[in-house]
Amino acid sequence: MSKINFLKPDKTNLYTFLYLGSFLFFISVLDVLLNSFFSLNITGFLPGFLSFLLPLILGFIGLYFIRIELSGIKQLDLLNKHINTNNFNAILSLLIIFIILKSIPPILSWFFIDASFAGDSKDVCTGTGACWTYIKVWMRRFMYGMYPNGEQWRINLSFIALALLGSVGFFATDKFKKYLTLYYVVIYPFIAFLFIFFFISGGPVFFDFSYGIIAAILSIIIGFFIPNKFKFYYFLIVPFALYILLKYFIFFEEYIELGKLDGLNWVETGAWGGLSLTFIISFFCLIFCFPIGMAFALGRRSGFPLIRYISIGFIEFWRGVPLITVLFMSAVMFPMFLPADFFIDKLVRCIIAISLFEAAYVAEVIRGGLQALPRGQYEAAKSLGMGYWRMHIFVILPQALKLVIPGIANTFLALVKDTPLIFVVGLLEIVGMLNLAKTNPEWLGFAMEGYVFAAIIFWIICYAMSKYSYNLEQKYKTDR
Amino acid sequence: MNFKLKDIGPQLMTVIAVVLVFGFFTYNAQVNMESRGIDFGYGFLSQESSFDVQFSLIEYDGSHSYFRAYLVGLLNTILVSVIGIFFATILGVIVGIARLSPNYLINKFAAFYVEFFRNIPLLLQIFFWYFAALRALPLPQDAEAMFGIAFLTIKGLYVPAFIWQNFNIFFYSIVAAIIAIIIIRIQAKKLQETQGKQTPVLLISIGLILILPLLSFLIGGVRLSFEVPVLKQLATTSFIYEGGVSLPPELIALALSLSLYTATFIAECVRAGIQGVGKGQKEAAASIGLTPNQVLKLVVMPQALRIIIPPTTNQYLNLTKNSSLAAAIAYPDLVLVFAGTALMQTGKAIEIVSITMFTYLTLSISISILMNWYNKKIAITEK
């Protein structure tokens, strides 16, 4: 056996160093592990601070010993390359391993082991862990706000229907693919609007909505038997004719008044809330802010100075103020700007305010995409004899939008994360409901559980959105 | 003919539409205000405000004017923004660099931090810190001292106050040190450009900034003493700390969540900036014989900063605007004091909301003008 210099690990004594280093490293991890999981202190005989620092020192020496370049052992080389490149990195790696080991037991015990899940009153929550019973009891409120319990199927049904209608794009055959843009930009938002404002809101208007649905379903079923040649005209005329027929000739108003048909109860928007309201607001703002933002992005790049200045003014104004003041404005200032007998619902005002606000950000993002396109694209389109609109719709915007997918996704994420701010106008989505529930005298002291619950929900939504945008970006990436 | 109808038409239509909308709004506002008996004007700013603010940087009570209340709110907004920006920058730069670390664990840890805090709404984070985390702090009488001088309690953070004597001399000494450093830097650069001599600028700078203030203590007659907060009993169960500086829990929660949230975005900016510097640049710099430190200082950082600074400023601006969420936890910032309490008292909705918006707008636009100027200055001029 050759001479060993312990200050200089080398390849000749590889196995000595490897066994010694791994042993020391293993001991240090074991010490922390026992300490955190079983609250055993195997180094308790040492003075306080030494016992505290011992794992770090041992682990550091261990990692120092096994830091042998080109050892020929694959795993060791990988380890050295990734967490053990030099002394500084070794200490940081050790610290992170120890922090993770130390934080797992308290987190686990708070979330699961000591937490209470059963029961439906506060009495079961006596442990030191989380009280998930609280979430369980308040679940309906967190999801639906003050929406009456008996009517909540309406929200569920509309969301399921909208999700199904929204997934049409995945199942569309090539034949229908070219209509998808039209469908998503015009028809789908319109159906969503009908669903939410007539079905979730309810009231007598619901009948109009149900006639519309019946007419649409009937006409689609009959539509299968119509020859292709006439299909376009058929869908242009028949659904509307059916609707009018249903409304004025078959189920006319007397039936409703006679009580033969019982409509849906009207639920005012003040009672909407919880996560469903978050979805509703995000959904509509998302739909509205995109075209507005696109218009202002084009306006800002327009050749007409007046239109350009108006667009710049609009964009910079909304980008310069915080959303909370915009919502304040929509709540206290906006009613002053409308005729006295003219009333706009609180929720609608909110949606308008958030849409305009986010539209300014979308406009800036899209402008970035427009600027990134080479001039050649504009010139080529013009040389083909395209006008302004034709050029933008068929050549410029498809390319520009493809470029700014990440930016738009970020704006939409910001929009979803901004929805809790509607507490300013008194609408309570999930965070607002949490704050309400936490002040309930029967359930005091469970703020932590509520916020963790909401944080998990929002995190899942936002993370999924960002991953989806990443996929979309990869899908539409083209080499230029 | 110089103008064409084709060019004028769309512009005219847009302008008419805008004018009509604004005219409609103004007309309605006039009618509404007349019918409700409200008069328009900013005269109320000099009236007595008669409400109290629990935390203010300048002297203020109910007998001061509404304008003074506005200033209190504005200063509080600026205070929380500055604290937030300071910590967000430090944290953001550390996390951003950690994201690029070859160390797998550090890299993933930083990535986890960014993904975690970025995807949770800021308001939720503020509520979490204020209503859940900070409520778990001890009562004043049970609090343990941090380093024997500061106390973190449920009622806020109490830190010792600095009591200066001859503060102005100390201040001048620091200013003198900074000026001297700037002069030395310029001289060193000149020396390097003309004669190729290297001067240890960093060492000299550190020395100057330490020695000059120290001298002001030794000969300038500057004295510094601390006023440590002391526990005082108000009633049998009610305790409070007296003396020192007290930071309310609202401020702590707000600054904490703002910096944790914004740091994720700054980290991404820093990462993008450093990654944006081409590998070839570093290799070229190394091949002409620069040391790794010089590569970082002279080649990588100037180019990375060019990419990092504009989006980071944007994040600073966002942080300032997000500080208006203070209204949700009753930290007396501009929105809460002015657009909340003052609006409720005076009922001057249009005036107050417009002043508040205008303040934020001025802040944003002045920073973006500064940014544009900076961008133009540092832009690479291509031939």
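Helix axes are lines fitted to C-alpha atoms over the stretch in contact, and angles run from 0 to 180 degrees between N-to-C directions. This is a predicted model, in which local features need pLDDT of at least 70 and side-chain atom pairs count only at pLDDT 80 or more, while totals for chains, interfaces and linings use all residues. Residues are numbered from 1 along each chain as its sequence is written, and chains are lettered from A in the order in which they are written.

**A pair of helices in chain A**

Let's start with α1 (residues 14–37) and α2 (residues 48–65) of chain A, whose axes come within 7 Å and cross at roughly 155°. Because angles over 145 degrees count as roughly antiparallel, α1(A) is roughly antiparallel to α2(A). Their crossing is left-handed, a term for a near helix turned anticlockwise from the far one by less than a right angle. Helices here are DSSP runs (H or I, at least four residues), and strands are runs of E with at least two residues, numbered from the N terminus.

Residues are in contact if their C-beta atoms, placed from the backbone, lie within 7 Å. Among the α1(A) residues that meet α2(A) are A:Phe17, A:Leu20 and A:Phe25, and the α2(A) side includes A:Leu54, A:Pro55 and A:Phe65.

**Where the chains meet**

The contact between the chains takes 45 residues from chain A and 47 residues from chain B. On the side of chain A that touches chain B, α21(A) gives the largest share, nine residues.

**A buried alanine in chain B**

B:Ala328 sits in the loop between α9 (292–322) and α10 (334–346) of chain B. This residue counts as buried because it has 24 C-beta neighbours inside 10 Å, and the cut-off for buried is 20 or more. Leaving aside residues up to four places away in sequence, B:Ala328 touches A:Phe423, B:Leu123 and B:Ile126. B:Ala328 and B:Ile126 are 202 residues apart in sequence, yet 8.6 Å apart in space, C-alpha to C-alpha.

**A hairpin in chain B**

Finally, strands β2(B) and β3(B) form a hairpin with two residues between them. They pair in the antiparallel sense over three bridges; pairing takes at least two bridges found by DSSP. B:Thr153 has B:Gly156 as its bridge partner in β3(B).

Technical notes. Contact = placed C-beta atoms within 7 Å. Buried ≥ 20, exposed ≤ 12 C-beta atoms within 10 Å, placed from the backbone. Parallel < 35°, antiparallel > 145°, perpendicular 65-115°, else oblique.
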